[in-house]
Structures are given as C-alpha cells and as structure tokens.
Amino acid sequence: MGIAGPLQVRLKSPRKQEAVVKSWCLPAFVHPFQSISITSIAGKDLVTVRRSIAEMLAIQDGDEVEFDFVELGETVVLVVKVTDNPFSDVVIHDWLKLGLAESVRMDATAYELTLRSGKKVYLNSQEMWVGYKILNLRSTGCLYIGGAIKDKKDSPTGGYGFRITLNSQGGDEFVRGYGYGGKSCTDTEMEYNALMEGLIWAARLDFSHLKVHGSSDVVIRQMQSWFGARDQQVVNKVKSIISERFHEGTNITFHKVSPEKNQIAALLADSGIESKETLISCNWKNINRQLEIEDLFALSAGSRRSNLWQVVLWCIMSGAFD
C-alpha cells in the first residue's frame with residue numbers, strides 16, 4: 001500500500017510579533033488515515049510540529065495554525081501538538097478524520113486522496129518519513145553549511161544555509177535549505193544553526209559516512225575536538241542530535257573548506273536573511289534512489305535488503321496490516 005508521502009507545506013506563525021521567523025516551509029509527512037504503527041512512533045495527535053520549529057514560529061500546544069499546501073494551492077487551519085519526537089518535523093495524520101479529504105483509494109504504490117474541494121492528491125511511496133526506515137547504511141554524503149550576518153554594526157541579522165549531496169559538491173543533491181536566525185546573531189551561531197538543521201535531514205538518508213564541510217574555523221575546530229567551545233551548550237546540542245538520530249555505524253567527520261567551495265551554502269544563508277523565513281526542499285527522485293525503495297520488493301536471492309522479513313516489516317510500519 002505504500003508509505004505515505006510528503007507534501008510541501010508552509011506554516012505561518014500565529015504570533016508574528018513574538019516569532020523569530022514569519023513562516024517555515026518544508027515537506028510535511030502525511031498519512032490519509034489513522035494507523036497503529038504510526039501512532040506508536042508519532043503519537044496519537046493528528047497534527048504535530050517539532051519543538052524547535054514551533055519555538056521559532058512562537059507556536060504553542062493547542063494553537064490553531066495556518067498551513068499553506070504549496071502544491072495544492074489550498075490553505076487550512078489545524079490545531080497542532082508540539083512534540084519532541086526526533087523523527088518528524090511536521091506530521092499530518094488521518095486526513096479523513098481531520099475533514100481534509102472525502103475519500104481515499106489505495107494501490108500497490110500510492111494513495112489517492114479526494115479533497116473536500118474536489119482536488120485529487122497522489123501520495124507516492126516515500127521511505128524518508130517519520131523516522132521509519134529499513135536501515136542499509138550506504139554511500140558517502142556531504143553536508144555543506146554556511147552562516148551569514150548583515151548590518152553587523154547597527155542591527156545585525158543572521159541567516160543560515162545548508163545542502164546535502166552525494167559524495168562531493170558536484171554529486172546528486174538530496175536536500176537544501178535556508179533559515180532566518182533573527183537579530184543580534186553571530187556568524188558562528190548561524191553556522192551552528194545550519195549544522196544542526198542539516199544533520200537532522202542528513203540522518204534520514206542512511207549514509208555510512210557523512211562529511212560535514214564548513215568555512216568557519218571556529219565551528220569545524222570545535223566539532224573536531226568536541227571541547228574548548230565558547231558555548232558548550234550548543235556543542236552538546238549537536239552531540240545530542242548525532243547520538244539520537246544517527247545509526248551508531250555512521251561515521252561523521254568535519255572538514256574546513258574554502259569559501260569558494262562553499263558558495264551555494266553561503267548564498268542560501270543570504271536568502272534566509274532576505275526572506276526572513278525558513279525553507280527546506282527535497283529532491284525526492286534522488287532521495288528515493290539513495291534509499292533504494294524499489295529493492296524492498298525484489299525478492300531475489302543474495303540481495304541484502306531483499307528478504308521476506310524486511311518486506312513484512314515494511315508492511316507493518318506502513319500500516320498495511322492495521
């Protein structure tokens with residue numbers, strides 16, 4: 001039946017005067033109906049938002065939040081639950097119960113939702129969802145991080161950017177994003193923001209080796225040594241992300257690169273300052289190729305991922321047996 005797929009959604013702050021960013025646009029992981037296997041990980045709340053995102057948007061438990069669905073051209077208001085679930089950013093669970101969809105059709109690879117407006121939504125099978133993955137550590141990924149500050153003397157405002165590629169700067173790109181860091185920031189703080197948000201997304205891609213590239217001497221040295229940081233609390237946050245989200249077999253290394261080799265991350269950081277919002281986008285074709293979704297159904301002898309137990313496990317996690 002397929003694991004539910006992503007829809008690009010923009011969350012708008014219900015308290016714009018208190019929020020650091022006015023909006024946060026990213027893939028929301030959605031499922032058309034309630035599934036026991038999903039609630040066991042994501043909880044029973046139908047709409048959840050990662051706490052760090054909620055804090056930047058000044059969202060509190062029980063708030064009514066405006067969601068713009070980019071591909072659909074529709075806006076809905078939903079009551080949200082703020083969670084510490086390390087696997088998900090935004091989950092919209094059970095579109096039927098929420099009244100967003102009138103009906104759901106299913107086949108072997110996708111869901112088809114008919115919305116109240118009459119529009120049809122197709123959710124293709126997508127494995128990088130709510131932390132459910134059948135781990136097969138593979139490949140070397142590169143995370144490029146950048147931070148920027150403008151108006152340093154008067155009223156400094158900061159932004160951060162990151163991108164995740166396969167093997168090298170010129171490899172297939174999986175994810176890119178930028179964010180606004182607010183006022184009274186430093187370059188180092190912004191590069192740490194890029195690092196933490198980039199690690200959250202990189203953890204979902206099953207890399208056996210992740211190379212983190214940055215242009216900040218301070219950040220890279222502190223990550224290489226894990227001590228001597230001016231703000232040990234930030235370093236501890238990075239360590240927590242790594243220990244909670246990455247498989248213990250993943251090798252993560254930190255590398256200093258020249259600004260010339262980190263131009264895209266720097267430009268993304270500038271975009272965060274100019275837009276005063278956060279935007280995360282994914283190349284799902286490259287992501288699904290990396291996670292080898294099609295191999296789950298290839299029951300050929302000798303395939304490390306292709307065995308009956310893994311297919312049964314995938315069906316359980318997708319809700320096929322609920």
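**Exercise 1. Find the bridge partner of Cys 25 in β16, then work out what else pairs with that strand.**

Step 1: Cys 25 has Leu 279 as its bridge partner in β16. Strands here are DSSP runs of E with at least two residues, helices are runs of H or I with at least four, and both are numbered from the N terminus.

Step 2: Look at the strands involved. β2 (residues 23-31) runs parallel to β16, joined by two bridges. Two strands pair if DSSP finds at least two bridges between them.

Step 3: Now for the antiparallel partner: β13 pairs with β16 over four bridges. Within this pairing, Arg 176 is bridged to Ser 281.

Before going on, a word on the ground rules. This is a predicted model, where local features need pLDDT of at least 70, side-chain atom pairs count only at pLDDT 80 or more, and totals for chains, interfaces and linings use all residues. Residues are numbered from 1 along each chain as its sequence is written, and side-chain values use heavy atoms, with hydrogens and water left out.

**Exercise 2. Sort the side chains of β16 (residues 278-282) by face.**

Step 1: Recall that in a regular strand the side chains alternate between the two faces of the sheet.

Step 2: Thr 278, Ile 280 and Cys 282 point to one face and are buried. Buried means under 20% relative accessible area, exposed means over 50%, and partly exposed is in between (1.4 Å probe, protein chains only).

**Exercise 3. Two non-glycine residues, Asp 94 and Ser 184, have positive phi. Is each buried or exposed?**

Step 1: Asp 94 has a phi of about 75 degrees and sits in the loop between β7 (90-93) and β8 (101-106). With a relative accessible area of 7%, Asp 94 is buried.

Step 2: Ser 184 has a phi of about 55 degrees, in the loop between β13 (173-183) and α3 (187-202). Ser 184 is exposed, at 60%.

**Exercise 4. How many aromatic pairs does the whole structure have, and what does the one between Phe 69 and Trp 95 tie together?**

Step 1: A search finds three aromatic pairs. Rings of Phe, Tyr and Trp (its six-membered ring) pair if their centres lie within 6.5 Å; planes under 30 degrees apart are stacked, over 60 edge-to-face, and the rest tilted.

Step 2: Phe 69 and Trp 95 form a tilted pair, 5.4 Å centre to centre with 55 degrees between the planes.

Step 3: Phe 69 lies in β4 (residues 64-69) and Trp 95 in the loop between β7 and β8, so the pair ties together parts 26 residues apart in sequence.
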